Amino acid sequence: MELKEKLISSFMAFEEQIDVHSELHDLRTAAIKNFENKGFPTKKEESWKYTSLNAILKNDFTVFPKSETSIEFKDVKKYFIHEIDTYKIVFIDGVFSSNLSSTTHQGLDVCLMSSALNKPKYKMVIDAYFNQIASKDESLTSLNTAFANEGAYINIPKKTVVQKPIEIMYFSTGNEAALLVQPRNLVIVGENSHVQIIERHQSLNENPVLTNSVTEIFAQKRAIVDFYKIQNDHLGANLIDNTYVSQKQESHVSVQTFSFGGNLTRNNLNFYHFGERLTSTLNGITIIGDKQHVDHYTLVHHAAPNCESFQDYKGIFSDNSTGVFNGKVYVEKEAQKTNAFQKSNNILLGDKSTINAKPQLEIFADDVKCSHGCTVGQLDETAMFYMQQRGIPKKEAKALLMYAFSNAVIENIKIPELKQRITKIIALKLGVKIGFDL
Amino acid sequence: MLSIKNLHASIGDKEILKGINLEVKAGEVHAIMGPNGAGKSTLSAIIAGNENYEVTDGEIFLDNEDISELAPEERAHKGVFLSFQYPVEIPGVSVTNFMRTAINETRKANGQEEMPANEMLKVIREKSELLEIDRKFLSRSLNEGFSGGEKKRNEIFQMAMLEPKLAILDETDSGLDIDALRIVANGVNKLKSDKNAIVVITHYQRLLDYIVPDFVHVLYNGKIVKSGTKELAYELEEKGYDWIKQEQEA
């Protein structure tokens with residue numbers, strides 16, 4: 001049976017086993033219908049022109065993992081920012097792991113989507129936010145909505161500065177020959193509140209995994225949200241990350257995506273503006289090789305005056321790897337005095353590596369500052385010669401240059417331990433040990 | 001120390017050096033002068049191993065070892081230093097970290113231990129004082145946003161840190177005001193010893209008032225057409241390069 005049919009036929013069985021109130025049931029039913037109509041996206045669609053799911057969908061994915069697996073913390077410690085104290089919401093093969101997690105209800109909710117969806121005390125919040133900003137049209141988001149049951153639920157009341165970063169971690173054990181997981185996260189950040197969140201999807205062996213994740217982020221007035229995505233996975237791992245951000249006035253939301261691995265990664269990152277004088281930041285570093293594929297598909301929808309958005313994506317592609325950057329900026333007529341900047345800089349190191357970069361600007365306001373710039377190049381030979389002349393061997397010189405290239409994005413990481421971790425991953429990726437901590 | 005024999009080099013189809021011969025002994029300062037396009041910068045780039053140029057004939061010896069086939073970093077490890085006319089900006093890598101990497105890679109290549117951190121700091125302090133460099137400057141990204149003078153001073157600071165056998169200063173005076181020129185020249189003079197040698201490449205005589213050469217060579221159209229002592233530089237300053245051109249074409 002093809003995966004699509006398998007999913008549709010599992011839907012009824014899925015709904016029977018969970019306790020859902022009727023509004024949710026309606027949402028899910030509409031969602032599965034949309035997925036049934038549209039199916040998995042193909043390269044025929046403009047937005048999927050450079051990314052094909054065909055090969056991946058041939059796997060016989062288990063849709064619901066059979067049983068709960070436990071992992072020892074010491075075996076997976078390295079994937080956490082363990083140098084500092086953090087809240088942790090950890091899932092193993094899609095199932096919540098209470099012994100690896102560190103959740104809270106004191107002053108803020110850092111807990112489980114399943115309880116938020118099922119417990120009456122959360123009903124008002126769920127009704128107000130769940131599936132409100134996520135697309136009802138996009139088929140993979142609909143597929144996730146239909147099966148949405150587990151993930152991270154984070155609700156920060158107003159005037160709260162969350163003292164510790166929150167880590168959301170999805171492990172796949174590879175106990176199933178092939179596994180499909182569909183995490184669903186909801187993040188609500190109240191007025192004047194501040195939170196830092198780190199999200200990671202990590203498989204523990206090479207068995208194929210397809211993660212179709214949806215995250216909704218709501219930033220209220222003057223909220224500050226720093227969201228970091230670490231993608232450094234095995235070659236069996238495939239990730240489709242659908243993130244939807246809703247921003248109210250004077251809020252600052254940044255989503256920084258560090259893509260180093262996996263077989264195929266697609267980041268659909270969408271920002272919607274519902275207020276003036278707010279700032280959206282979308283940054284990314286992609287360093288891949290082999291036959292890896294990373295596709296960044298971004299949208300910033302400017303709908304109110306005096307807002308700013310900044311996009312800065314750096315990519316380094318070796319071997320046969322391919323990258324896609326499609327950045328859409330939409331400026332509505334009302335959104336006067338918009339500042340929207342977009343940059344995509346890429347270095348191709350392999351003879352067979354490719355980048356498809358496509359900026360899309362649709363501007364209907366007349367008093368705006370919008371810019372975009374895509375560059376594709378090789379490493380600067382003069383800079384290489386300069387460093388070699390000072391005694392730095394070619395390989396190290398190359399690494400230093402690539403580090404320098406990604407530095408503008410790295411500098412934006414506000415958690416020092418995370419910054420250190422990212423630079424370490426980069427050094428490892430580039431295969432060098434440089435005489436100082438990058 | 002440096003011995004260049006019948007060096008021919010080209011970039012693409014264009015021959016730029018057409019048979020250069022040059023002998024530089026330890027303890028000497030040589031100046032290479034010449035009009036724009038004579039091949040001065042090409043010569044310095046080739047000695048340092050820039051792979052954009054193709055050496056079509058001839059050899060380059062450093063202490064009797066042919067270095068013509070070595071990679072730039074291998075030449076650097078043997079003590080060749082080139083002060084760039086246009087130093088490259090490297091954002092995100094501080095001057096200190098760059099130097100630490102350069103020094104330790106050189107030491108590693110020469111079978112030495114890494115320089116201990118406290119010693120490194122001490123040397124950095126000494127050498128930065130020599131070039132009158134503010135300590136804050138050292139934590140800035142290499143050459144990024146540096147003024148022309150700061151870039152050149154930073155080049156000589158790196159030379160002081162690496163203590164090369166052979167230093168080639170390519171148009172080090174360009175973009176320098178008189179104070180910076182004095183500081184740079186003073187630094188170079190303090191680094192001069194009977195164990196190393198300096199080749200100064202310059203268009204103007206001005207720098208040679210500060211770094212006094214033992215020999216002056218005139219490069220024109222890919223060849224050394226005249227050699228002499230420092231008086232030759234004054235003669236050039238007075239008569240201009242047209243004098244050389246006319247002599248050559250006559």
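Here are some worked exercises on a predicted model with chains A and B.

**Exercise 1. Which residues of helix α7 of chain B are buried, and where do they fall around the helix axis?**

Step 1: Pick out the buried positions. In α7(B), residues 230-239, these are B:Leu232, B:Ala233 and B:Leu236.

Step 2: Look down the axis. The buried residues of α7(B) sit within an arc of 105°, so they line one face of the helix.

Step 3: Check the other side. There you'll find B:Glu231 and B:Glu238, which are exposed.

Step 4: Ask what the buried residues pack against. In chain B, the partners are β3 (29-33), β11 (215-220) and β12 (223-228).

Step 5: See what follows the helix. B:Gly240 comes after α7(B), and its phi is positive, near 80°.

**Exercise 2. At what angle do helices α4 and α5 of chain B cross, and which residues make the contact?**

Step 1: Start with the geometry. Two packed helices are described by the angle between their axes and the distance between the axes. For α4(B) (residues 117-130) and α5(B) (residues 148-162), the axes cross at roughly 135° and come within 9 Å.

Step 2: Get the handedness. The crossing of α4(B) past α5(B) is right-handed.

Step 3: List the contact residues. From α4(B) come B:Val123, B:Lys127, B:Ser128 and B:Leu130, and from α5(B) come B:Phe157, B:Ala160 and B:Met161.

Step 4: Sort them by class. The contact of α4(B) with α5(B) has 5 nonpolar, 1 polar and 1 charged residues.

**Exercise 3. How many residues of chain B are in contact with chain A, and which element supplies the largest share?**

Step 1: Count both sides. 23 residues of chain B are in contact with 19 residues of chain A.

Step 2: Find the contributing elements. On the chain B side, α2 (72-77), β7 (90-94) and α3 (95-109) each supply at least two residues.

Step 3: Pick the top one. α3(B) gives the largest share of that side, 7 residues.

Step 4: Split by class. The side of chain B that touches chain A has 12 nonpolar, 8 polar and 3 charged residues.

**Exercise 4. Is A:Ala152 buried or exposed, and what does A:Ala152 touch?**

Step 1: A:Ala152 is in strand β4 (residues 152-156) of chain A.

Step 2: Count neighbours. The cut-off for buried is 20 or more other C-beta atoms within 10 Å, and A:Ala152 has 30, so A:Ala152 is buried.

Step 3: Look for contacts. Leaving out residues up to four places away in sequence, A:Ala152 touches A:Ile89, A:Met113, A:Ile168 and A:Asn185.

Step 4: Compare sequence and space. A:Leu112 is 40 residues from A:Ala152 along the sequence, yet their C-alpha atoms are 5.1 Å apart.

**Exercise 5. What is phi at A:Glu250 and at A:Asn306, and where do these residues lie?**

Step 1: Read A:Glu250. Its phi is positive, about 60°, although A:Glu250 is not a glycine. The residue lies in the loop between β11 (237-248) and β12 (252-259) of chain A.

Step 2: Read A:Asn306. Phi is near 60° here, also positive in a residue other than glycine. The loop in question runs between β15 (293-302) and β16 (308-317) of chain A.

Step 3: A:Glu250 has 20 C-beta neighbours inside 10 Å, so A:Glu250 counts as buried. A:Asn306 has 16 and counts as partly exposed.

Conventions. Residues are numbered from 1 along each chain as its sequence is written. Chains are lettered from A and ligands numbered from 1 in the order in which they are written. This is a predicted model: local features need pLDDT of at least 70, side-chain atom pairs count only at pLDDT 80 or more; totals for chains, interfaces and linings use all residues. A residue is buried if 20 or more other C-beta atoms lie within 10 Å of its own, exposed if 12 or fewer, and partly exposed in between; C-beta atoms are placed from the backbone. Helices (H or I, at least four residues) and strands (E, at least two) are DSSP runs, numbered from the N terminus. The arc is that of the directions from the helix axis to the C-beta atoms. Two residues are in contact if their C-beta atoms, placed from the backbone, lie within 7 Å. Axes are lines fitted to C-alpha atoms, for helices over the stretch in contact, and angles run from 0 to 180 degrees between N-to-C directions. A crossing is left-handed if the near helix is turned anticlockwise from the far one by less than a right angle, and right-handed if clockwise. Ala, Val, Leu, Ile, Met, Phe, Trp, Tyr, Cys and Pro count as nonpolar, Asp, Glu, Lys and Arg as charged, and the others, Gly among them, as polar.
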